[in-house]
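Student: Could we go through the helix packing and the pocket of this model together, term by term?
Tutor: Gladly; let us set each value beside its definition.

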Amino acid sequence: MICPFCRHDDSRVVDSRPVEDGTQIRRRRECPECGARFSTQETTLLNIIKRSGATEPFSREKVIAGVRKACQGRPVNNDDLALLAQRVEETLRSSGQAEIEAQEVGMAILAPLRELDEIAYLRYASVYRNFTSLADFEGEIALLRAVPSHALAEKNSPALKNAAPPAQKSSVKI
Ligand SMILES: [Zn+2]
């Protein structure tokens, strides 16, 4: 890692610790040239597999753009949308997968959107789940009435897969 102070092309890791439930690693580095210290953060690249099979990096902006239409005329502000997108990202990252189907992003939006605004949720679900009749709406509304929204959120329980670090090979030659 290049030193951001003097542009020296190497730096030494002096501390390394997991943060955010182990989904990120923060490292403290020191430049051997100028002695400056700086931090880096390592996180899994989260890619979304589109229906076409192409992949693209996860984007909170795309989540917000998708949900914003459903929220038209509803008492939902930009902060609400930013928080929703953050929760969607946290849910997806907590699955421990590096690549996620676009379909799963839609699924991860449903629970926090429902907590935010039930009308916006119904609009979004009607498009996302291809509602074709009044019966579809009636079924969804019956479900909304029957299942409290916190019960839905608990379905997305994080399942962290922490792979054991590879054993260090010691090859000391004298
Ligand atoms: Zn430096």
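Tutor: α1 and α2 are oblique to each other. Before we go on, this is a predicted model, where local features need pLDDT of at least 70 and side-chain atom pairs count only at pLDDT 80 or more, while totals for chains, interfaces and linings use all residues. Residues are numbered from 1 along each chain as its sequence is written, and side-chain values use heavy atoms, with hydrogens and water left out.

Student: Why are α1 and α2 called oblique to each other?

Tutor: The axes of α1 (residues 60–68) and α2 (residues 78–94) cross at roughly 125° and come within 9 Å. Angles under 35 degrees count as roughly parallel, over 145 as roughly antiparallel, 65 to 115 as roughly perpendicular and the rest as oblique. The pair is therefore oblique. Those axes are lines fitted to C-alpha atoms, for helices over the stretch in contact, with angles from 0 to 180 degrees between N-to-C directions. The helices themselves are DSSP runs (H or I, at least four residues; strands are E, at least two), numbered from the N terminus.

Student: Which residues of α1 make the contact with α2?

Tutor: Arg 60, Val 63, Ile 64, Val 67 and Arg 68 do, where contact means heavy atoms within 4.5 Å. On the α2 side, the residues include Leu 81, Leu 84 and Val 88. By class, the contact of α1 with α2 has eight nonpolar, two polar and three charged residues. Here Ala, Val, Leu, Ile, Met, Phe, Trp, Tyr, Cys and Pro count as nonpolar, Asp, Glu, Lys and Arg as charged, and the others, Gly among them, as polar.

Student: What makes α3 roughly antiparallel to α4?

Tutor: These two pack at about 160°, with axes 7 Å apart. That angle falls in the antiparallel class, so α3 is roughly antiparallel to α4. Their contact divides into 10 nonpolar, two polar and two charged residues.

Student: And why are α4 and α5 oblique to each other?

Tutor: α4 and α5 (residues 134–146) pack at about 140°, their axes 11 Å apart, and they are therefore oblique. Glu 118, Tyr 121, Leu 122 and Ser 126 in α4 meet Phe 137, Glu 140, Ile 141 and Leu 144 in α5.

Student: How much space lies in the largest pocket?

Tutor: About 570 Å³. Among the 21 lining residues, Lys 62, Ala 102, Val 105, Ile 109 and Tyr 124 are the closest to the centre. A pocket is an open set of points on a 1 Å grid over the protein atoms alone, where a 1.4 Å probe fits, with protein on both sides within 12 Å along at least five of seven lines; lining residues have an atom within 4 Å of a point.

Student: Which element gives the most to that lining?

Tutor: α3, with five residues. The lining as a whole has 11 nonpolar, four polar and six charged residues.

Note on methods: Grid points are joined across faces, edges and corners, and a volume is the space filled by probe spheres set on the points.
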